[in-house]
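I opened this entry to keep track of what I looked up in one protein model. The sequence and structure come first, then my notes.

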Amino acid sequence: MKALTRLLQSVVATGVIFACVSVWTAAAAEPARTVVENLDSQLVATMKQGKQLGFEGRYKKLAPVIDQSFDLNRIAKLALGSKWEKLDPQQQTQYLHMFREDTLATYASRFDSYSGQSFKIKAVKDAPGGRRQVNTVITSNDGDDIPINYVLDNESGDWKIVNVVAKGVSDLALKRGQYTGSIQEKGPAGFIKQFEAQLKKYPSIPKVPANDAG
């Protein structure tokens, strides 16, 4: 009888240990997951009001959550890599400002209407360099799934998105190829002018101060 009691105690203790490990694992994943959940929630809310808000309204509505969710300054620097040092201080400041405007304008343009889309987080897992990856899908009303994976880092002290991989394509890698190629071909001043021209393809971009651009 005593042997049976000890066996039951051992089983219970093991169960408690595994339960604790599971709880701690979930807790560790929660901050990165929460960032993506908040972003997805605001994207859906904006899409539902998309036509009513118009481009400017969507831009203003999304600015706070994008500033909070993305480490925009870091992404901008990563996109240039070693070419960042080719820009003088004034060009660097101008580039960071334009990069934020371009990111906001892109989201305001792409998430402009709602037709039953939904976001679902499929998994949260470790990524190289101590980062976290949150795998999501956007499901349209006809059932098609578009995989979008977010890579987050907490270098600034908070978990923030540093890359987005849509359908297996890295947005950071695309930008790095475009931006560094432009600097290589046109020089820093030419790159800045090209970026300015790119922003002109959007409707008038409203002035929205960054609240947490990192």
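**Aromatic rings**

I looked up the aromatic residues and found that Trp 84, Tyr 95, Phe 99, Tyr 179, Phe 191 and Phe 195 form one aromatic cluster. I took rings of Phe, Tyr and Trp (its six-membered ring) as a pair if their centres lie within 6.5 Å; planes under 30 degrees apart count as stacked, over 60 as edge-to-face and the rest as tilted. By this rule the count comes to 14 aromatic pairs. I noted that the ring centres of Tyr 95 and Phe 191 are 5.5 Å apart and their planes stand at 55 degrees, so this pair is tilted. Tyr 95 belongs to helix H4 and Phe 191 to helix H5, so the pair ties together parts that are 96 residues apart in sequence. Both Tyr 95 and Phe 191 are buried, where buried means under 20% relative accessible area, exposed over 50%, and partly exposed in between (1.4 Å probe, protein chains only).

I then checked Tyr 107 and Phe 111, whose ring centres are 5.6 Å apart with planes at 10 degrees, so the pair is stacked. Tyr 107 and Phe 111 are both buried. One more ring went into the notes: the charged end of Lys 48 sits over the ring of Tyr 114, 5.1 Å from its centre. For that I used the rule that NZ of Lys or CZ of Arg is within 6 Å of the ring centre and within 35 degrees of the ring normal.

**Ground rules and overall picture**

I am reading a predicted model, in which local features need pLDDT of at least 70 and side-chain atom pairs count only at pLDDT 80 or more, while totals for chains, interfaces and linings use all residues. Residues are numbered from 1 along each chain as its sequence is written, and side-chain values use heavy atoms, with hydrogens and water left out.

I listed five helices and five strands in the protein chain; helices (H or I, at least four residues) and strands (E, at least two) are DSSP runs, numbered from the N terminus. Along the sequence the pattern is α-α-α-α-β-β-β-β-β-α. Of the 214 residues in the protein chain, 42% are buried. I also looked at contacts, meaning heavy atoms within 4.5 Å. Among contacts between residues at least 6 apart in sequence, 59% join residues at least 24 apart.

**Helix H3**

How do H3 and H4 pack, and at what angle? I found helix H3 (residues 72-80) against helix H4 (residues 89-110) at about 110 degrees, with their axes 9 Å apart. Axes are lines fitted to C-alpha atoms, for helices over the stretch in contact, and angles run from 0 to 180 degrees between N-to-C directions. H3 and H4 are therefore roughly perpendicular; angles under 35 degrees count as roughly parallel, over 145 as roughly antiparallel, 65 to 115 as roughly perpendicular and the rest as oblique. On the H3 side the contact includes Leu 72 and Ile 75, and on the H4 side Tyr 95 and Phe 99 are among the residues.

H3 also packs on helix H5 (residues 171-199), at about 70 degrees and with the axes 7 Å apart. That makes H3 roughly perpendicular to H5. Ile 75, Leu 78, Ala 79 and Leu 80 of H3 take part, and Tyr 179 and Phe 191 are among the H5 residues.

Within H3, I listed Leu 72, Arg 74, Ile 75, Ala 76, Ala 79 and Leu 80 as buried. Their cover includes helix H2 (50-69), H4, S2, strand S3 (145-153), S4 and H5. H3 is followed by Gly 81, whose phi is positive, near 55 degrees.

I looked up Ile 161 in strand S4 (residues 160-166). Its relative accessibility is 0%, so Ile 161 counts as buried. Beyond its neighbours within four places in sequence, Ile 161 has contacts that include Phe 70, Ile 75 and Tyr 150.

Asn 135 is in strand S2 (residues 131-139). Is Asn 135 buried or exposed? At 13% relative accessibility, Asn 135 counts as buried.

Last, I noted Lys 167, in the loop between S4 and strand S5 (169-170). Lys 167 has a positive phi of about 55 degrees although it is not a glycine. At 61% relative accessibility, Lys 167 counts as exposed.
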